[in-house]
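Here is a friendly walk through one model, from its overall layout down to a single side chain. Have the viewer open as you read.

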Amino acid sequence: MDIKVRRARNTDMERIDDLLSQVLMVHHKGRPDLFKPNCRKYTDDQLLCLIADDTRPIFVAVDEDDRVLGYSFCIITEQKNNNILTDMKTLYIDDLCVDEKIRGQHIGTILYEYVKSYAKEIGCYNLTLNVWACNESAMKFYERCGLHIQKKGMETIL
């Protein structure tokens, strides 16, 4: 399979919504106390705005027929003039997904490596993301990609 990565287009919305639903269900199964089942993360209008926003690029991995196989929602942030933190530009991966039916074919790695190259190209110091503790397969994937724990979020249920 010939995989290409490109910026998402408005015509990709339906397929992106399908993949967002897959991610939602992984999170719902892992943390039903936090995540509702069978709902949408973004409305069509919100997704259209995100697709057009250069500070929040969405990249899609597509096959030779331009069918969306996976995506990466990104957010570019810049830290400047903070009292305690150094100035830096960061690319944050808000969400990364490959269709559950075709996982294990290195599409996620291709997508991640593209996003990492993009971050370097635009002068980012680092690339960050959060992963839910209940999503062990995602944690293992990110570790294989070379990511390391930067900080941990902790909770107690009251």
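## A helix across the sheet

Let's begin with helix 3, residues 107-121, which lies across strand 1, strand 2, strand 3, strand 4 and strand 5. Its direction runs at about 165° to strand 4. Please keep in mind that this is a predicted model.

How many strands does the open sheet have, and in what order do they come? There are 5 strands, in the order 1-2-3-4-5, and their pairing is mixed. Strand 1 (4-7) and strand 5 (126-129) are the edge strands; each has a single partner strand, so one side of each has no neighbour in the sheet. From one strand to the next, the twist averages 30°.

Further in, strand 3 (residues 68-79) and strand 4 (residues 88-98) are joined by 10 bridges in the antiparallel sense. To see one of the pairings of Glu78, look to strand 4, where its bridge partner is Lys89. Helix 1 (residues 13-30) also packs on the sheet, touching strand 2 (58-62), strand 3 and strand 4. The direction of helix 1 makes about 80° with that of strand 3.

## A closer look at His28

Which residues does His28 touch, leaving aside its neighbours within four places in sequence? They are Phe35, Lys36 and Pro37.

Terms used:
Residues are numbered from 1 along each chain as its sequence is written. This is a predicted model: local features need pLDDT of at least 70, side-chain atom pairs count only at pLDDT 80 or more; totals for chains, interfaces and linings use all residues. Side-chain values use heavy atoms; hydrogens and water are left out. Two strands pair if DSSP finds at least two bridges between them. Helices (H or I, at least four residues) and strands (E, at least two) are DSSP runs, numbered from the N terminus. Axes are lines fitted to C-alpha atoms, for helices over the stretch in contact, and angles run from 0 to 180 degrees between N-to-C directions. Contact means heavy atoms within 4.5 Å.
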